[in-house]
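Could you walk me through this model in my viewer, one selection at a time? I have not seen it before and would like to know what to click on next.

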Amino acid sequence: MKLPFLLAPLALSLLAPAARAQTAPALPAGVTKTTAVEGITEYRLDNGLRVLLFPDASKPTATVNITYLVGSRHEGYGESGMAHLLEHMVFKGSTKHPNVPQELTEHGASPNGTTWYDRTNYFETFSATEENLKWALDLEADRMVNSFIAKKDLDTEFSVVRNEFESGENSPTRVLMDRVLSTAYLWHNYGKSTIGSKEDIERVPIDNLKAFYQKYYQPDNAVLLVAGKIDPAKTLGLIKQYFGGIPKPTRQLQPTYTVEPTQDGERSVSLRRPGDTQGLAAAYHVPAAAHPDYPATDVLVEVLTNEPSGRLYKALVEPKKAAAAWGFTPGLHDAGFAYFYADVRQNRSLDSARTTMLTTLDEVATKTPPTAEEVDRARTKLLKNVELMFQNSENLGLSLSEYIASGDWRLVYLYRDALRRVTPADVQRVATAYFKPSNRTVGLFQPDNTPSRSLIPATPDVVALVKDYKGEAAVATGEAFDVAPANIDARTKRGQEKNGLKYAYLNKQNRANAVNATLQLRYGTQQALQNKALLASLTASMLERGTKTRSYAQIKDAFDKAKAQVYFYGGGQTTTMGVQTDKEHLPAVLDVAFDCLRNPTFPAQEFEKLKQERLAQLEAQKQEPQALAFNLAERLANPYPAGHIFETLSYDDEIAQLKKLTVEDVRQFYKTFYGAQNATLAVVGTFDEKAVQQRVGKQLASWKAASPYTRVPLMAFETKARQESIQTNDKANALYVTMLKMPLRDDSPDYAALFLGNYILGDGFLNSRLATRIRQKEGVSYGVGSQVYADDNDPMGGYYSYAIYNPDNSARLEQAYREELERFIKDGVTAEELKAAKSAALQNYQVQRAQDRYLASTWSQYLGRPEARTFQYNAELEKQLAALTPAQVNAAIQKYFSYDRLVQVKAGDFARSVKAK
């Protein structure tokens, strides 16, 4: 589901002041404290509901996340997809909350619901006010036992879920994984995709769905987590108020008892579908997440799949037998799987890649055990990911759903602790135990007269595992930072280096001393960059693939050891570097990142590997409806002349150009255009300003590009109405795209009105007009929405919309879309709609400014404008939004919108649809 970004009103008494020492909350009657680990405390209500409280005053947001211990693992015969279908139905309303999408928008929530093998969860992240928290708790309590689950809603929603199923059928990679796992599992439900069988989705009786809901959506089968800026005592009282009255059910839930038999021979599966990139997969049965062998198995998968140091990467990607290789082993309640995949281009041998992959997987268990260096690298990266998760209470709160589903939320700490103890001997042992040919499912069946079989151990007693676990001290807490634009401006230090580089430093105390940084380099002129759009992108991607003193692997290892996420990307006239780490490691991370910027060597072998990856990605898009529709619509709406830096190429043209490029082209591009005299740097979070400034002064302050920079203005194109259809054979899902250009800048007088108008039309969560008509009422699209955008320099903006759907429903979808857009233009919006949209939009901005990565990227963008801009712009925009009247919004809609001027593109298997009729 699409998640809107929303904002919070003024903080009320429920918020926990940062300066107040936290004390143990007085427990309401009927509430028992059970345990506490590293800042998270668990309670239990008399009705069986488990409650986790995770206070974190460093951001002005709170998250309510309820996890039900029901997923596709619990589905019976004829019930496939029922847990996921129920997830959709719960958004259809309940006794006290009949219009859930409308309420989510009004409260500025960033919500979703997800379903997987072992659980279903629903969450809302919102501005931390007492009103919002009361609303969210009341919503989830009412949805637990009073959701409508009505036949009229099922009649439309089952086709929406079917549409979601069909969108997955468009991806050969996803379908191959479904086939491999369904072949690997004969009896256990992990062999069935969570979305289920299309036939079951279409035929499920409403009474069966209600019974499933009433069985599993009960307090004794749920874990409620509240994280963020909360007062624990008051929050616990509210939880008791809203959930305590739900009676404990009399029924007894029986645990699932199916155990997958030991696999007794290699299995194979073949998939034949249209596509331009071949695929190769392999899966093994492995222990459950709670088993002592799981952490070592996770390390083993990382040893094999790490880029660029993993064995599969070196065996397949480096010699160009495959364009990409990856793998994962999800932590599941029962014995799970390890899955590996490789993309193989059409001009490469699939048989050769298969032989290489299986040989590599076999030898790690038999001939060449993992080395200490490989295990240390893998362990470091996995621990880094855990540590980064702990830095953010919102992300940790949501991630805990997976550990709750695996048996207990404290498993996240046991996993972390076990990772630290994993040795090469442990990794070798699990490789020998589970990575056997007889325990593998690939593309072919091969008889074996002397089979060696793997016995997968039973899931251990999780209660015994976590009973006496105490954990470590909670990470450092952050300040209660005020995200008002005026405070952001006041707290930010801005300046300029001698070469012209501009910087913005916003130093604040974050949870776990987290820090984000964004650096943008700007370069070139329109003439100098002619025919160099692909080079701009490739050059940026090559920066981290080797320097004068570090290899690609050493750079990646350095970032992992520093617990950092670092990325480089480029396009047009800009190269961007982003960093996420903590105060302790930021200086070392900048040393390596600046080394990538100043001293890249552009190794020829790495360049060829990057080309292969890009070619494989482009070839994979050539028959994907979504990619093709957006690509053609963009080319029609913005027909830049050939060679222009902003030209959108067709996939065939981009492939042809990419094949011609050489590593020398990249080296020359860097030599000509890279420098920092037009760069902007923003650092937001907890950091040593002096250490940052020293590194900026040493590496960037005197760095100048050899050629000048002049911003290339966006070209104005008048939208010419077009209707195009692209045939994509054997694709179950289609995409419909519309575009309309508007002479609009983000500070134009009409921008705020158009933004709110479109929010009502297609940008709200499930309750926008387009979503209400096309998804909720007609039931013909899983994803439908629209957006109004505007540039911050040139008066070049526009509108676009999209909808995914079954090609059979093309006429219905297009008719419904036209009727809604024409009604929007003719009748405009109502005062009630506008009031709700204002609240949602304002809360959206508040939540956005609570994200340090957003602040860093926005400051970097503001610093690069010809005219100075600060967050005062945001304050003024919000003031404009709040003051808008329906008459102003409707006037702007009629001025800019026109169905008759739309570029309309659809892509799908429409020939199949015609034949079926």
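On this tour, helices (at least four residues) and strands (at least two) are DSSP runs, numbered from the N terminus. Please keep in mind that the model is predicted.

**Stop 1: a threonine in a loop**

Select Thr 547, which sits in the loop joining α18 (533-542) to α19 (552-561). Is Thr 547 buried or exposed? Its relative accessible area is 7%, and since buried means under 20%, Thr 547 counts as buried. Now show side chains: those of Thr 547 and Asp 595 are joined by a polar contact of 2.8 Å. Beyond its neighbours within four places in sequence, Thr 547 is in contact with Ile 555, Asp 595, Cys 596, Asn 599, Pro 600 and Thr 601.

**Stop 2: along α19**

Follow the chain into α19. Which residues are buried in α19? Colour Tyr 552, Ala 553, Ile 555, Asp 557, Phe 559 and Asp 560 to see them. The buried residues of α19 pack against several elements, namely α10, α12, β16, α20 (586-598) and α21.

Keep going until just after α19, where Lys 563 has a positive phi of about 55°. Lys 563 belongs to the loop between α19 and β16 (565-571). Its relative accessibility of 28% makes Lys 563 partly exposed.

**Stop 3: two more backbone spots**

Most residues other than glycine have a negative phi, and most peptide bonds are trans.

Select Ala 512, in the loop between β14 (502-507) and β15 (514-522). Phi of Ala 512 is near 60°, a positive value in a residue other than glycine. With a relative accessibility of 15%, Ala 512 counts as buried.

Next, jump to Pro 308, in the loop between α9 (294-305) and α10 (311-317). Look at the peptide bond that leads from Glu 307 to Pro 308: this bond is cis, with omega near 20°.

**Stop 4: a threonine in a strand**

Select Thr 576, which is part of strand β17 (residues 574-582). Thr 576 has a relative accessible area of 5% and is buried. What does Thr 576 touch, not counting residues up to four places away in sequence? Display Thr 518, Leu 519, Gln 520, Tyr 567, Phe 568 and Tyr 569 to see these contacts.

**Stop 5: α12 against α14**

Two packed helices are described by the angle between their axes and the distance between the axes. Show helix α12 (residues 372-390) together with helix α14 (residues 411-421): they pack at an angle of about 150°, and their axes are 10 Å apart. α12 and α14 are therefore roughly antiparallel to each other. Where they pass, the crossing is left-handed.

To see the contact, select Arg 379, Leu 382, Leu 383, Val 386, Glu 387, Met 389 and Phe 390 on α12. Their partners on α14 are Val 412, Tyr 413, Tyr 415, Arg 416, Leu 419 and Arg 420. By class, the contact of α12 with α14 has nine nonpolar, no polar and four charged residues.

**Stop 6: α21 against α23**

Move on to helix α21 (residues 604-621) and helix α23 (residues 651-660). Here the packing angle is about 165°, with the axes 10 Å apart, which makes α21 roughly antiparallel to α23. α21 and α23 have a left-handed crossing.

How many residues of each class does the contact of α21 with α23 have? There are five nonpolar, one polar and five charged residues.

**Stop 7: an enclosed helix**

Finish at helix α27 (residues 769-777). Seven of its nine residues are buried, so α27 is largely enclosed by the rest of the structure. Select the buried ones: Arg 769, Leu 770, Ala 771, Arg 773, Ile 774, Arg 775 and Gln 776. After α27 comes Gly 779, with a positive phi near 70°.

Notes:
Residues are numbered from 1 along each chain as its sequence is written. This is a predicted model: local features need pLDDT of at least 70, side-chain atom pairs count only at pLDDT 80 or more; totals for chains, interfaces and linings use all residues. Side-chain values use heavy atoms; hydrogens and water are left out. Buried means under 20% relative accessible area, exposed over 50%, partly exposed in between (1.4 Å probe, protein chains only). A polar contact is a pair of N or O atoms within 3.5 Å; within protein, one must be able to donate a hydrogen and the other to accept it, and residues adjacent in sequence count only if both atoms are side-chain atoms. Contact means heavy atoms within 4.5 Å. Axes are lines fitted to C-alpha atoms, for helices over the stretch in contact, and angles run from 0 to 180 degrees between N-to-C directions. Angles under 35 degrees count as roughly parallel, over 145 as roughly antiparallel, 65 to 115 as roughly perpendicular and the rest as oblique. A crossing is left-handed if the near helix is turned anticlockwise from the far one by less than a right angle, and right-handed if clockwise. Ala, Val, Leu, Ile, Met, Phe, Trp, Tyr, Cys and Pro count as nonpolar, Asp, Glu, Lys and Arg as charged, and the others, Gly among them, as polar.
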